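Here are my notes on the model you sent over.

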Amino acid sequence: MHNSVFKLITIKEVKLQYPFLLDHEGFDYFEEWNDDDFFLLANQDVNYEGDFYLDLYEEKQKKWLSNILNLPLKEIDAIRIEGILVNGNIFTNGTIINAEGDYGPYVFISGNVTCQSLLLGGSYVEINGNVKAKEVVMTSYNHGNFKCSGVIDSPVFIVEDHYTTFAERKNDLFYYNDRANDFDSKNDCEYDDDSDEDIISIELRKHLNNPLIETFEELKRELEKGELVLKQSNPAAKTFAYWEYRVESNYRDLKLVSA
């Protein structure tokens with residue numbers, strides 16, 4: 001088992017044991033949860049090796065969940081997990097990933113989060129403490145909601161059409177927030193008529209390890225895979241086999257293959 005601090009708790013038990021959550025906006029937002037469905041609960045700090053996935057609804061995460069909970073896949077298939085509750089801090093050397101932009105589980109973390117990068121999409125995520133990321137904090141698409149009561153401390157912080165609020169921020173390399181428009185104009189995107197896409201700024205691209213990344217969508221695909229993306233991190237060179245697999249999985253990644 002990869003991490004023994006997590007257990008399953010029914011939503012009925014969550015409501016009884018953690019009644020303060022009932023007043024939080026994202027908790028059962030559409031009023032469609034069943035009391036006998038589940039949350040993933042950790043009542044202590046979480047120390048995790050590798051990428052940590054928030055997209056618990058997705059089929060591809062079922063094997064990851066079975067390792068987390070030490071349960072067979074058939075049992076994971078038979079249950080519905082609507083949220084993640086951590087009464088403590090989360091430390092991981094990987095990326096925390098909510099890649100699905102349209103939906104996701106409710107996530108409440110009472111402490112701080114330390115990670116390689118944080119990518120948020122359709123989930124409703126509340127973090128009471130600070131977020132410290134080695135590389136990137138990125139929130140993307142307008143179906144999600146992220147509330148951080150502390151400091152977003154990361155070299156790169158990107159808010160792309162997402163409901164994101166925070167108390168403070170510390171971003172040494174790059175900051176973009178199209179909801180607040182409180183960033184330097186040189187960090188803004190530029191619309192490209194030929195591709196019909198918004199091209200990310202030169203200011204961001206000069207910090208990226210792969211200079212062929214031109215859009216936020218392309219950057220998101222790197223973060224979804226848990227990749228190191230910043231030049232300052234000096235990531236290892238990618239092999240031919242790596243790019244062959246990437247392109248077979250998604251033909252759009254052919255554009256990112258350097259000569």
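1. A word on naming before anything else: helices here are DSSP runs of H or I with at least four residues, strands are runs of E with at least two, and both are numbered from the N terminus. Keep in mind, too, that this is a predicted model. With that settled, glutamate 13 belongs to helix α1. Is glutamate 13 exposed, partly exposed or buried? Its relative accessibility is 34%, so glutamate 13 goes down as partly exposed, the class between 20% and 50%. If you want a sense of scale, go from glutamate 13 to valine 113: the two are 100 residues apart in sequence, and their C-alpha atoms sit 25 Å apart in space.

2. Next, the rings. The count of aromatic pairs comes to 18. One of them joins phenylalanine 27 and tryptophan 33 in an edge-to-face arrangement, with 4.9 Å from centre to centre and 75 degrees between the planes. Phenylalanine 27 and tryptophan 33 are both buried. Phenylalanine 27 also pairs with phenylalanine 39, this time tilted, at 5.9 Å centre to centre and 50 degrees between the planes. That pair links distant parts of the chain, 12 residues apart: phenylalanine 27 is in the loop between α1 (11-17) and β2 (38-42), while phenylalanine 39 is in strand β2 itself. Phenylalanine 39 is buried, as is phenylalanine 27.

3. There's also a ring cluster to look at. Phe6, Tyr48, Phe52, Tyr53 and Trp64 are linked into it by ring pairs. Hold on to Phe52, which turns up again in the lining of the largest cavity.

4. How many cavities of 30 Å³ or more does a search of the whole structure find? The answer is two. The largest has a volume of about 70 Å³. Around it you'll find Phe52, Leu54, Ile84, Val86, Ile90, Ile96, Val107, Ile109, Val113, Leu118, Val125 and Ile127. By class, that makes 12 nonpolar residues, with no polar and no charged ones. Strands β5 (81-86), β8 (106-109) and β11 (124-127) each put at least two residues into this lining.

5. The second largest cavity holds about 30 Å³ of space. Leu120, Gly121 and Ser140 come back in the next point, as contacts of histidine 162.

6. You'll find it in the loop between β15 (156-160) and β16 (163-170). Why is histidine 162 classed as buried? Its relative accessible area is 0%, and buried means under 20%, so histidine 162 qualifies. A polar atom of the histidine 162 side chain lies 3.0 Å from the backbone oxygen of glycine 121. Leaving out neighbours within four places in sequence, the contacts of histidine 162 are Leu120, Gly121, Thr139, Ser140, Tyr141, Gly144, Asn145, Phe146 and Arg179.

7. On to the pockets. The largest one has a volume of about 480 Å³. Its lining has 22 residues, and those nearest the centre are Tyr29, Phe30, Gly104, Gly122 and His143. By class, the lining residues split into nine nonpolar, seven polar and six charged.

8. Glutamate 203 sits in helix α4 (residues 202-205). Its side chain makes a polar contact of 3.1 Å with the side chain of lysine 206. Setting aside residues up to four places away in sequence, glutamate 203 touches Phe174, Lys186 and Asn187.

9. Last stop, helix α5 (residues 216-224). Seven of its nine residues are buried, so α5 is largely enclosed by the rest of the structure. The buried ones are Phe216, Glu218, Leu219, Lys220, Arg221, Glu222 and Leu223. After α5 comes glycine 226, with a positive phi near 75 degrees.

Technical notes
Residues numbered from 1 in each chain as written. Predicted model: local features only at pLDDT ≥ 70, side-chain atom pairs only at ≥ 80, totals over all residues. Heavy atoms only, no water. Contact = heavy atoms within 4.5 Å. Polar contact = N/O pair within 3.5 Å; in protein donor to acceptor, adjacent residues only side chain to side chain. 1 Å grid on protein atoms, 1.4 Å probe; cavity = no way out; pocket = protein on both sides within 12 Å on 5 of 7 lines; lining within 4 Å. Points joined across faces, edges and corners; volume = space filled by probe spheres on them. Nonpolar A, V, L, I, M, F, W, Y, C, P; charged D, E, K, R; others polar. Buried < 20%, exposed > 50% of the residue type's maximum accessible area, 1.4 Å probe, protein only. Phe/Tyr/Trp six-rings, centres within 6.5 Å; stacked < 30°, edge-to-face > 60°.
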